[in-house]
Amino acid sequence: SPPLPTPAPAPPVQVASLAPTAAPSTELAEGGAVCRVALAELGVTAQPLPPISDGACGMPDPVNGAELAGGAVKHEGQATVDCAVAEKLGRFVTETIEPQAEEVLHGKVTALRILDAYTCRNRDGLAGGQLAEHAHGNAIDIGAFQIDGKRWITVGDSSNGIPENTFLVDVRQAACGPFT
């Protein structure tokens with residue numbers, strides 16, 4: 001039988017492909033690691049959490065805080081915020097709140113009562129409004145300060161005494177710098 005003809009070479013195949021996805025950014029991972037090192041140096045105990053993405057809400061580097069000032073100041077309530085906010089709060093407690101409490105109240109802050117932190121919501125809870133900074137982990141609401149592990153000074157409580165109200169006014173005014 002005669003030999004079979006040799007088939008013609010096949011034309012080169014062109015493969016369609018999607019553009020390669022970008023490699024995960026190390027900038028965020030490195031930024032988060034840098035932030036967590038800063039938290040440790042400030043004595044802030046915070047559990048790193050995976051990124052939060054909930055529609056328009058969320059944050060890339062959340063942490064859930066538990067203690068500040070090397071464990072001397074505890075949190076009561078949920079305190080999930082962006083790592084950078086946790087760092088600001090850690091600095092604010094040690095550089096502002098603690099000195100004010102010692103000067104005005106002659107005591108030490110031993111706990112913070114957290115009323116609100118990360119929450120996917122609009123400003124003032126109004127439907128259709130702009131997202132609150134809470135929706136991005138950029139806000140934390142403190143409702144009370146515990147002094148010397150005993151008494152609580154509640155924000156907005158008209159029964160606070162004069163030194164307690166002076167402390168609250170001073171802390172609130174000082175917060176306008178780092179927290180706007």
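User: What makes up the chain, and in what order?
Analyst: The chain has three helices and nine strands. From the N terminus on, the order is α-β-β-β-β-β-β-α-β-β-β-α.

User: How do you know how far to trust the coordinates?
Analyst: Start with pLDDT, which is the predictor's confidence in each residue, from 0 to 100. The chain averages 83, and 82% of the residues score at least 70. Among the elements, strand 8 (residues 141-147) has the highest mean, 96. Helix 1 (residues 26-42) has the lowest, 72.

User: Which residues have a pLDDT under 50?
Analyst: Residues 7-29 stay under 50. For that stretch the model has one contact beyond four places in sequence. Where pLDDT is low, the predicted coordinates should not be read in detail.

User: Why is Thr 96 called buried?
Analyst: Buried means under 20% relative accessible area. Thr 96 has a relative accessibility of 19%, so Thr 96 counts as buried. Its place is in helix 2 (residues 83-105).

User: What is Thr 96 in contact with, leaving aside its neighbours within four places in sequence?
Analyst: Thr 96 is in contact with Arg 91 and Ala 174. Contact here means heavy atoms within 4.5 Å.

User: Why is Glu 103 called exposed?
Analyst: The cut-off for exposed is over 50%. Glu 103 has a relative accessible area of 57%, so Glu 103 is exposed. Glu 103 also lies in helix 2.

User: What is the separation between the C-alpha atoms of Glu 103 and Pro 163?
Analyst: Those C-alpha atoms are separated by 9.9 Å. Along the chain, the two residues are 60 residues apart.

User: Where does helix 2 bend?
Analyst: Helix 2 bends at Val 93, by about 40°. That value is the angle between axes fitted to the seven residues ending there and the seven starting there.

User: What is found at the start of helix 2, and what comes just after it?
Analyst: At the start, a side-chain oxygen of Asp 82 reaches to within 3.1 Å of the backbone nitrogen of Ala 84. Just after helix 2, His 106 takes a positive phi of about 55°.

User: What makes up the lining of the largest pocket?
Analyst: This pocket has a volume of about 830 Å³. Its lining has 23 residues. Nearest its centre lie Ile 140, Asp 141, Ile 142, Ala 175 and Phe 179. The elements that give two or more residues to this lining are helix 2, strand 8 and helix 3 (162-179). Helix 3 gives the most, with eight residues.

User: What makes a space a cavity and not a pocket?
Analyst: In a cavity a 1.4 Å probe fits but cannot get out, whereas a pocket is open. By this rule there is one cavity of 30 Å³ or more. About 50 Å³ of space lies in the largest cavity.

User: Which residues line the largest cavity?
Analyst: The lining residues are Val 44, Gly 65, Leu 68, His 75, Ala 79, Val 81, Ala 86, Leu 89 and Ile 140. Strand 4 (62-68) and helix 2 each supply at least two residues of this lining.

User: What share of the chain is buried?
Analyst: Buried residues make up 37% of the 180 residues.

User: How many of the contacts join residues at least 24 apart?
Analyst: The share is 56%, among contacts between residues at least 6 apart in sequence.

Terms used:
Residues numbered from 1 in each chain as written. Predicted model: local features only at pLDDT ≥ 70, side-chain atom pairs only at ≥ 80, totals over all residues. Heavy atoms only, no water. Helix = DSSP H or I, 4+ residues; strand = E, 2+ residues; numbered from the N terminus. Buried < 20%, exposed > 50% of the residue type's maximum accessible area, 1.4 Å probe, protein only. Polar contact = N/O pair within 3.5 Å; in protein donor to acceptor, adjacent residues only side chain to side chain. 1 Å grid on protein atoms, 1.4 Å probe; cavity = no way out; pocket = protein on both sides within 12 Å on 5 of 7 lines; lining within 4 Å. Points joined across faces, edges and corners; volume = space filled by probe spheres on them.
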